[in-house]
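Welcome, and please take a moment to look over the fold before reading on. We will walk through it piece by piece, from sheets to helices to the core.

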Amino acid sequence: MSKQVIVIGAGIIGASIAWHLTKAGAQVTVISESGAGGVATPNSFAWINASWGNPEVYFRLRIRAMAEWKRLANDLPGLPLNWCGGLCFDLPADRLEAYAAEHSSWGYGIERVDAKRAAQIEPNLVEPPEFAVYVAEEGVAEPVAAAKALLTDAERRGARVVTGTIDRLALTNGKVKGVVISGETMAADEVVIAAGAGAPAIAATTGIKLPIETPAGLIVHSRPYKTLLNGLVHAEKLHVRQTAEGRIIAGTDFAGGDPGENPDATARDLFAAMKAALRGGDGLELDFHTVGYRPNPVDGFPIIGRAGGVAGVYVAVMHSGITLAPAVGLFATREILDGERDPLLGPYGLSRFAQ
Ligand SMILES: Cc1cc2nc3c(=O)[nH]c(=O)nc-3n(C[C@H](O)[C@H](O)[C@H](O)COP(=O)(O)OP(=O)(O)OC[C@H]3O[C@@H](n4cnc5c(N)ncnc54)[C@H](O)[C@@H]3O)c2cc1C
């Protein structure tokens, strides 16, 4: 008989895990209080990358995840992905060069560009950088549409997606046997906690501690506008891209800027800076801003795997979930159904925090 799995969470991570589990033959029920699309996921900048600032072992997981997005797009045509490329100059020249040298040696598709080439890549930058790094293989997902597409296809393959709030996990003799929603127990062979910032409270009901912090990140969204940008632009204190709908979205960092004491004022200032940086942007209008909370394990790396000491639970909580989702879905499915842990997940078990 096929395994019954409850996936808690309908953001990009829960959606990907549910899709992969269902495709592999599990009987899946997705439970979320938000409905399809999640909580952090709609507030994401959604850059798919293996860019600077991480050790090689994490780079390898991210680069694999980028490849897995392409595999997933073949399996599920119409996924809203755009391999638009990223132009990066948010570091001083010496650090940018060090990034280019290091990541080139790891096989990342780095092109060093001067102002002339930068202006070819993004003709509407008011001040093209004298020196930048361009990575053509980087891209974006439209995150809510991607999560919904995965969940809709999972339902078509037999998964159930229900709205509800988990009170606690149902534990018998040290093994999780399901979840309790509104006082009712729903049984399962395995429970996956893909609940983002809500994960620690759920895990705590079985004594599992998830060390997660949730920094806020503000992103501004223009009204839909004519095409001004070809891809991602990462300038100092201004990370910007244009969505499939034509909105220009920006943060002081891709992970969103600090909203400060007055988020409305922060959004207006950021929007003005973004407008000033783009030729032809005079008619841009601020439509709204979002403040999202990144589910970020305290050491900055994902938590993916079983929780030692409590059988029947699998945890998948992380920042960079848009980049990582397809690999996490695939690897979690193999581990849950076949007991095979992918070597790329080696550093990301929960046990690392016990040391
Ligand atoms: C401002 C910002 C910018 C970002 N930029 C990038 C980027 O450029 N690239 C990138 O790769 N990543 C980026 N991220 C990170 C990325 O968006 C997240 O890692 C990802 O969205 C997490 O997805 P998730 O499915 O784990 O969580 P979520 O989308 O938060 O979903 C959690 C789900 O769990 C459910 N849930 C929680 N508690 C309960 C409960 N008790 N009962 C039932 N359901 C529950 C919620 O309802 C929801 O459905 C960014 C994040 C932010 C906020």
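Two strands count as paired if DSSP finds at least two bridges between them. The helices (H or I, at least four residues) and strands (E, at least two) are themselves DSSP runs, numbered from the N terminus. The model is a predicted one, in which local features need pLDDT of at least 70 and side-chain atom pairs count only at pLDDT 80 or more, while totals for chains, interfaces and linings use all residues. Residues are numbered from 1 along each chain as its sequence is written, and side-chain values use heavy atoms, with hydrogens and water left out.

Let us begin with a sheet of three strands. It is open, its order is S3-S8-S4, and the pairing is antiparallel. Strand S3 (47–48) and strand S4 (81–82) stand at the edges with a single partner strand each, so one side of each has no neighbour in the sheet. S3 runs antiparallel to strand S8 (residues 139–141), and two bridges join them. If you look for Ile48, you will find that its bridge partner in S8 is Gly139.

Now turn to another open sheet, made of three strands in the order S10-S11-S12, again with antiparallel pairing. Its edge strands are S10 (166–172) and S12 (184–187), each of which pairs on one side only. From one strand to the next, the twist averages 35°; here axes are lines fitted to C-alpha atoms, for helices over the stretch in contact, and angles run from 0 to 180 degrees between N-to-C directions. As a general point, strands of a sheet pair through backbone hydrogen bonds, either parallel or antiparallel.

How many bridges link S10 and S11? Six bridges hold S10 and strand S11 (residues 175–181) in their antiparallel pairing, and Arg168 stands opposite Val180 in S11. The hairpin of S10 and S11 has two residues between the strands, and Asn173 there takes a positive phi near 50°. Buried means under 20% relative accessible area, exposed means over 50%, and partly exposed lies in between (1.4 Å probe, protein chains only).

The helices come next. In helix H5 (residues 143–156), 14 residues at 1.5 Å a residue should span 20 Å, and the end C-alpha atoms are 20 Å apart, which agrees. The expected span of a helix is 1.5 Å times one less than its number of residues. The buried residues of H5 are Pro143, Ala146, Ala147, Leu150, Leu151, Asp153 and Ala154. They cover an arc of only 165° around the axis, which puts them on the same side of H5; the arc is that of the directions from the helix axis to the C-beta atoms. The face turned away from this buried side carries the exposed residues Thr152 and Arg156. After H5 comes Gly158, whose phi is positive, near 120°.

Helix H1 (residues 12–23) is where Ser16 sits. Of the 12 residues of H1, 11 are buried, so H1 is largely enclosed by the rest of the structure. Ser16 is buried, with a relative accessible area of 1%. Leaving aside neighbours within four places in sequence, Ser16 is in contact (heavy atoms within 4.5 Å) with Leu150, Ala325, Pro326 and Gly329. Just after H1, Gly25 takes a positive phi of about 105°.

Finally, which residues have the most contacts inside the largest nonpolar core? They are Val7, Ile12, Ile13, Ile17, Trp69, Leu87 and Met274, in a core of 84 residues. A nonpolar core is a set of buried Ala, Val, Leu, Ile, Met, Phe, Trp, Tyr and Cys residues joined through side-chain atoms within 4.5 Å. Helix H8 (residues 321–338) gives the most to this core, with nine residues. A second, separate core has 24 residues, including Ile181, Ile193, Ala199 and Val313.
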